[in-house]
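Please look at the fold as a whole before turning to single residues.

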Amino acid sequence: MSLGFESLVSLVSASWKNLTVRVQEYTKETVEHLIVAVSVYIIVCVFLYLSISRWKIIHFKKDVKNPHRVLLVIAHPDDECMFFGPTVLNFTKQNQCKVFLMCLSTGQNYGLGKTRKQELYKSCRMLGIDDSCITVCNHTNLPDQMGAKWPIELVAKLILNHVETYSIDTLVTFDKHGVSYHLNHCSIYYAIAHLSIEKKLPKECSVYVLETVNLLRKYWLLLDIPVSFLLSRIRYLVTSADRAIIHKAMKQHQSQLVWFRRLYMLFSRYMLINSLQLMELSDIELDLEIDD
Ligand SMILES: *[C@@H]1O[C@H](CO)[C@@H](O)[C@H](O)[C@H]1NC(C)=O
Ligand SMILES: *[C@@H]1O[C@H](CO)[C@@H](O)[C@H](O)[C@H]1NC(C)=O
């Protein structure tokens with residue numbers, strides 16, 4: 001009897017040992033595979049980055065069609081380099097292209113309107129946008145607030161006025177998620193969507209919106225290159241020299257350089273890659289239907 005019990009115990013303990021050894025081996029193997037996969041992915045990303053931006057052996061084919069007079073519409077001073085840096089630099093470097101900037105608020109939220117306006121001018125100089133091409137609105141109905149939906153008619157009117165005054169042929173702004181779901185950003189998209197639907201924009205004016213990516217992709221930096229490559233048709237990737245220019249521009253926004261923005265500067269893919277979408281009437285109609 002006692003012998004049987006002992007042998008049972010030893011049997012159980014032996015198979016337990018066996019099991020734990022197997023689990024350990026399996027875990028080790030899995031971790032090894034993961035490490036290999038992640039390393040390969042990182043190497044591919046770095047290789048892609050160098051191929052595109054340094055060696056120039058891979059080309060992003062689709063480009064924004066012949067931009068001559070571009071208007072970038074943003075909500076706050078610093079949006080131009082926090083989100084649109086790669087796009088702006090690509091445009092300002094093309095000789096035939098003139099870039100206008102319209103900022104719909106002074107960023108009064110922190111009581112720093114005047115300072116922030118000056119910082120915007122300094123930052124734009126770094127990015128190659130002329131002082132004379134910058135307009136900063138200071139409208140009581142367009143407050144700098146995360147939760148404030150701006151009146152669409154007013155925003156639309158201001159933008160249309162600008163498009164007509166400066167004969168704009170390419171309009172660039174946020175998409176409906178506004179990069180960070182900030183309602184000020186989204187309002188600009190909806191205002192332009194309405195202009196488009198009501199066919200108020202001049203025929204020759206195309207609208208491009210900056211694609212919002214999910215949180216993981218947002219802080220993936222280089223690692224987002226393959227994904228952007230696969231999913232987006234219009235993309236801008238900056239060289240390391242241009243990335244330094246965007247950082248310099250961001251540093252002009254002294255009043256905004258708190259620790260989390262410094263982290264953002266290091267890890268955000270928007271400081272390295274922009275992917276844009278041409279705004280099509282059919283897409284907007286669908287968006288507006290869903291949101292109504
Ligand atoms: C602008 O971007 C396009 C497409 O990504 C690229 O082919 C072109 O070389 C870029 N131009 C400049 C001046 O960086
Ligand atoms: C914006 O307008 C308000 C009053 O409407 C004024 O107090 C403020 O100084 C203005 N800000 C700038 C940056 O001009």
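Leaving aside neighbours within four places in sequence, Ile188 is in contact (heavy atoms within 4.5 Å) with Val73, Ile74, Ala75, Leu104, Trp150, Val155, Ile159, Thr173 and Phe174. The model is a predicted one, in which local features need pLDDT of at least 70 and side-chain atom pairs count only at pLDDT 80 or more, whereas totals for chains, interfaces and linings use all residues. Residues are numbered from 1 along each chain as its sequence is written, chains are lettered from A and ligands numbered from 1 in the order in which they are written, and side-chain values use heavy atoms, with hydrogens and water left out.

Ile188 is also one of the residues with the most contacts inside the largest nonpolar core, together with Phe84, Leu104, Ile159 and Leu171, and this core has 80 residues. Helix α7 (residues 183–197) gives the most to this core, contributing eight residues. A nonpolar core here is a set of buried Ala, Val, Leu, Ile, Met, Phe, Trp, Tyr and Cys residues joined through side-chain atoms within 4.5 Å, and buried means under 20% relative accessible area, exposed over 50%, and partly exposed in between, with a 1.4 Å probe and protein chains only. In soluble globular proteins, nonpolar side chains tend to be buried together.

The chain as a whole has twelve helices and seven strands, which are DSSP runs numbered from the N terminus (helices H or I, at least four residues; strands E, at least two). The radius of gyration of the chain, taken over C-alpha atoms, is 25 Å, well over the 19 Å that the globule rule (2.2 Å times the number of residues to the power 0.38) gives for 292 residues, so the chain is more spread out than a compact globule. Taken along the principal axes, the box filled by the C-alpha atoms is roughly 100 × 45 × 40 Å. Of the 292 residues, 46% count as buried, and residues 24 or more positions apart account for 81% of the contacts with a separation of 6 or more.

Two tyrosines in strands show such contacts in detail. Tyr208 lies in strand β5 (residues 206–210) and counts as buried at 5% relative accessibility. Not counting residues up to four places away in sequence, Tyr208 touches several residues, among them Val64, Thr170, Leu171, Ile234 and Leu276, while Phe174, 34 residues away in sequence, has its C-alpha 8.4 Å from that of Tyr208. Tyr236 lies in strand β6 (residues 234–237) and is buried, with a relative accessible area of 4%. Tyr236 and Asn274 are 38 residues apart in sequence but 5.1 Å apart in space, C-alpha to C-alpha, and Asn274 is among the residues that Tyr236 touches, as are Asp63, Pro86 and Phe91.

Which residues other than glycine have a positive phi? One is Tyr181, with phi near 65°, whose place is in helix α6 (residues 178–181) and which is exposed, with a relative accessible area of 52%. Another is Leu221, with phi near 50°, which lies in the loop between α8 (215–218) and α9 (225–231) and is buried, with a relative accessible area of 19%.
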